[in-house]
Amino acid sequence: MMDITLLGGSLARDSHSLVTHHRLLLAFVVVAATVLSESGVSHLGYFLMALLFWKQSSMGLRAGLKRLLLIDSVIILAVLPLPFSFVGNEAVTVGSLELSVFGLAKAQDIFIKSTVSSIVMISQCHGISGLELSKALARLKVPGKFILLLQFCIRYVSVMQQEITSLRTAMLARGFGNGPTLHNWRSYGYLFGMLLVRALARADRIWFAMKCRGYKGQFPATLYQDKKAAFSWQLTGYFLLTTAIFYADFLGPYIYQFFLAGGAL
């Protein structure tokens, strides 16, 4: 099975000091804490942690910004309707448009959390091959069917890219244009329909080939051997820092009320 890197784009080994399954576990914990946080101070804390992860990885500034801008462009398209989706509360008038204040706040919150989570995942997954990712997920007790599905997705992404390239080349050879006409949109529909048909046909051939080779639900694999100690002070420190930021976000209103009460006395 061909190995490709996840969210990295480089086959070079990463300079991160944590082992692979520790990196994934840390990324999941930080992303979960970021999603559950509410205050701007906690968002700033997790953003600084994400920048620290980025610095520790071998991913360059330019390559990281290109991937982050690609993800943020999708996020912006997703949160763009939110200011127009909430009615009945305070609104801000921009020209002839009325934008919901609550919708703007939700869009800002989602954008910040998604950006911080993207930086964490990109930096922590940089340099991890598909095989290393599967072994690390198995070490974290992720269900085997999910890992197997992930392996097939990684393996056949390039195959689907070759299929769509060949279909598009055939369309261009027949004089296909890129103008916004009804014929072109219909041709794009045929393109994705044919891609789906070819994917289903290839999946059937792969399944029969696996059955002929004695596939019984799982692939034989060597045991995951970690050359480093199972306990990591660096991982523990990151967990404590994440917990501290999370509890500061949770206890922030109570601390603020306590100081207000003390000042009133």
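This is a predicted model: local features need pLDDT of at least 70, side-chain atom pairs count only at pLDDT 80 or more; totals for chains, interfaces and linings use all residues.
Q: What share of the 265 residues is buried?
A: In the protein, buried residues account for 31% of the 265 residues.

Q: Among contacts between residues at least 6 apart in sequence, what percentage join residues at least 24 apart?
A: Of such contacts in the protein, 75% join residues at least 24 apart.

Q: How is the packing of two helices described, and what are the angle and the axis distance for H1 and H2?
A: Two packed helices are described by the angle between their axes and by the distance between those axes. Here, helix H1 (residues 20–36) packs with helix H2 (residues 40–56) at an angle of about 155°, and their axes are 10 Å apart. Because angles over 145 degrees count as roughly antiparallel, H1 is roughly antiparallel to H2. The crossing of H1 with H2 is left-handed.

Q: Which residues make the contact of H1 with H2, and how do they divide by class?
A: H1 contributes Leu26, Val30, Ala33 and Thr34, while H2 contributes His43, Tyr46, Met49 and Phe53. By class, the contact of H1 with H2 holds 6 nonpolar residues, 2 polar residues and no charged residues.

Q: At what angle do H6 and H7 pack, and how far apart are their axes?
A: H6 and H7 pack at an angle of about 140°, with 10 Å between their axes. That angle makes H6 oblique to H7. The crossing of H6 and H7 is right-handed.

Q: Which residues of H6 and H7 meet, and how many of them are charged?
A: On the H6 side the residues include Phe152, Tyr156, Val159, Met160 and Glu163. On the H7 side they include Leu191, Phe192, Leu195, Arg198 and Arg202. The residues of the contact of H6 with H7 divide into 15 nonpolar, 2 polar and 4 charged.

Q: How many salt bridges does the count come to?
A: Side chains of opposite charge can pair when their charged atoms come close. In this model, the count comes to 3 salt bridges.

Q: Which residue forms a salt bridge with Arg198, and where do the two partners lie?
A: Arg198 forms a salt bridge with Glu163, and the closest N and O atoms are 2.9 Å apart. This pair links distant parts of the chain, with Arg198 in helix H7 (residues 182–212) and Glu163 in helix H6 (residues 144–173), 35 residues apart. Glu163 is buried at a relative accessible area of 12%, whereas Arg198 counts as partly exposed at 34%.

Q: Which residue forms a salt bridge with Arg202?
A: Arg202 also pairs with Glu163, the closest N and O atoms being 3.0 Å apart. Arg202 in helix H7 and Glu163 in helix H6 are 39 residues apart, and the pair links distant parts of the chain. Arg202 counts as partly exposed, at 24% relative accessibility. Salt bridges with shared partners join Glu163, Arg198 and Arg202 into one network.

Q: How many residues apart in helix H4 are Lys113 and Asp109, and is Lys113 buried or exposed?
A: The side chains of Lys113 and Asp109 meet in a salt bridge, at 3.2 Å from N to O. Because the two residues are 4 apart in helix H4 (residues 101–125), Lys113 and Asp109 are separated by about one helical turn. Lys113 is buried, with a relative accessible area of 10%, and Asp109 is buried, with a relative accessible area of 16%.

Technical notes
Residues are numbered from 1 along each chain as its sequence is written. Side-chain values use heavy atoms; hydrogens and water are left out. A salt bridge is a side-chain nitrogen of Lys or Arg within 4 Å of a carboxyl oxygen of Asp or Glu. Buried means under 20% relative accessible area, exposed over 50%, partly exposed in between (1.4 Å probe, protein chains only). Axes are lines fitted to C-alpha atoms, for helices over the stretch in contact, and angles run from 0 to 180 degrees between N-to-C directions. Angles under 35 degrees count as roughly parallel, over 145 as roughly antiparallel, 65 to 115 as roughly perpendicular and the rest as oblique. A crossing is left-handed if the near helix is turned anticlockwise from the far one by less than a right angle, and right-handed if clockwise. Contact means heavy atoms within 4.5 Å. Ala, Val, Leu, Ile, Met, Phe, Trp, Tyr, Cys and Pro count as nonpolar, Asp, Glu, Lys and Arg as charged, and the others, Gly among them, as polar.
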